[in-house]
Amino acid sequence: MKAYEVNFDGLVGLTHHYAGLSYGNVASTSNKSVTANPQLAAKQGLAKMKALSDMGFKQAVLPPQERPHVEVLRQLGFDGTDAQVLAAVSKQAPHLLSAVSSASSMWTANAATMSPSSDSVDGRAHFTVANLNNKFHRAIEADTTSATLRSIFSNDRYFVHHDALPQQSVMGDEGAANHNRLCADYGSAGVQVFVYGRQAFGGTVEPVRYPARQTREASEAVARLHQLSADKTVFVQQNPDVIDQGVFHNDVIAVSNGNVLFHHEQAFLNQSAALSEISEKLAKQNADFMSIEVPTNRVSVDDAVRTYLFNSQLLTKPDGKMLLIVPEESRQNPQVWSYLSELIASGGPINEVKVFDLRESMRNGGGPACLRQRVVLTEEELQAVAPGVLMNDHLFTTLNSWVDRFYRDRLVESDLADPQLLVENRQALDELTQIMGLGCIYPFQK
């Protein structure tokens, strides 16, 4: 059956700032307190979306969330008017104000895990919202993410929505950032590779410096919810040594598309066995597995983390060859760029690289792959998606105009206490839901 991979990119929010909230994410912590430019960040993301749409790829937009999240502050004991709550928390617990103002929902690879209808027993596309419980500023995203996805994919003939897993560390779930799907083509049954950082029960190895955010138990729960049979799933542990070097999600060390897995030599624990299992199960789905393994002596783990070589988008072009979307930082690194130049000249499946400037996102630790949620849809399913989220010339022009009217071009942490910023955020999001036809998805609209 004909199907498409639609990339749903997160639109950067109005409170985009650098607070170093994500321990284990080297870029996030190293750029703490740098002045941010939310307007530029949003425009950089929109430019990438439009460019890919113009190249013929299916592209859509996911909206940002309401920030600061005042309702969470009220749950934590701050009361009074919105302005009084912001003033109190900025004096008593400024770290909380930064956390509830994070624009991290822009990284929609963490929004959910999605399984296409061709893989699920009931023949429907399944979504499970990520609980992201390893980081407070991300754990507060789940409710709005769920409301957004249910609005966009509302037809229960085609789509099934699952709530986030319990908010407990045993069930730590980071969404599609730790999930890959391999297949002969998008409409065929595939093999889903769930990558975890630790096993809560019975595990023997895990990182010692940085937290392992994804558990095997959470990955197994998502696979059950999505009705995936054992012959269509592989559970692989990420190499704990690379987590301790800043590879906080698997999409910082590996990316897949079609039957290709592009990954680092040190990506997985017991890597040869993992790749063999993927190959064997993919063969049962009539697909030949292709592993493109990048040697450490060509690209170190440190360079992979600094340049986000693997936090890239791997896309199939009309001629069947693949295009790799990388951030500007990959071109600026001589070792990485030398490797990429040889890769595209090698005669393999990846024969083109395109570079995008995503500096504002990169400084907070999110590259091209972080910014998108991959959703495989048949033609019928695509027609059932809320049409206002699909990128085209009109939406691109409208959203750029919307950004120009509402976004600030300079933001530092002290600005988060400004009650006018909250007013601007709500006004902007209320208008955005009308532009995109999403209805009431935010707490302030209810």
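Helices (H or I, at least four residues) and strands (E, at least two) are DSSP runs, numbered from the N terminus.

First, a word on what we are looking at. This is a predicted model, where local features need pLDDT of at least 70 and side-chain atom pairs count only at pLDDT 80 or more, while totals for chains, interfaces and linings use all residues. Residues are numbered from 1 along each chain as its sequence is written, and side-chain values use heavy atoms, with hydrogens and water left out.

Back to His-126. Is this residue buried or exposed? With buried meaning under 20% relative accessible area, exposed over 50% and partly exposed in between (1.4 Å probe, protein chains only), His-126 counts as buried because its relative accessibility is 1%. Its side chain makes a polar contact of 3.0 Å with the side chain of Asp-122. By polar contact I mean a pair of N or O atoms within 3.5 Å; within protein, one must be able to donate a hydrogen and the other to accept it, and residues adjacent in sequence count only if both atoms are side-chain atoms. Setting aside residues up to four places away in sequence, His-126 also touches a list of residues including Met-114, His-162 and His-226, where contact means heavy atoms within 4.5 Å.

Now let's zoom out. The chain has 17 helices and 15 strands. Its radius of gyration is 21 Å, close to the 22 Å from the globule rule for 446 residues, so the chain is as compact as a globular protein of that length. For the record, that radius is taken over C-alpha atoms, and the rule is 2.2 Å times the number of residues to the power 0.38. The C-alpha trace spans about 60 × 45 × 45 Å along its principal axes. Of the 446 residues, 61% count as buried. And if you take contacts between residues at least 6 apart in sequence, 77% of them join residues at least 24 apart.

Next, please find the open sheet of three strands, ordered S9-S10-S11, with mixed pairing. Two strands pair, by the way, if DSSP finds at least two bridges between them. Which strands are at the edges? They are S9 (254-257) and S11 (290-294), each pairing on one side only. From one strand to the next the twist averages 15°. S10, residues 260-264, pairs with S11 in the parallel sense over five bridges. Helix H10, residues 271-283, lies across S10 and S11 and runs at about 170° to S10. Axes here are lines fitted to C-alpha atoms, for helices over the stretch in contact, and angles run from 0 to 180 degrees between N-to-C directions.

Within S10, have a look at Val-260. It stands opposite Met-290 in S11, and it counts as buried because its relative accessibility is 1%. Beyond its neighbours within four places in sequence, Val-260 is in contact with several residues, among them Leu-182, Leu-314 and Met-322.

How does S13 pair, and with which strands? S12, residues 313-316, runs antiparallel to S13 over four bridges, with Gln-313 opposite Ile-325. Five residues lie between the strands of that hairpin, and Gly-320 takes a positive phi near 90°. S14, residues 350-356, runs parallel to S13, joined by six bridges, and Phe-356 is the bridge partner of Pro-327.

Two last residues. Arg-374 is in strand S15, residues 372-378, and at 18% relative accessibility it counts as buried. What does its side chain reach at 2.7 Å? The backbone oxygen of Ser-256. Arg-374 also touches Glu-5, Asn-180 and Val-255, among others.

Finally, Thr-215 sits in the loop between strand S7 (191-196) and helix H8 (216-225). Thr-215 is buried, with a relative accessible area of 0%. Its side chain reaches the backbone nitrogen of Ala-218 at 3.1 Å, and its contacts include Ser-169, Gly-172 and Tyr-196.
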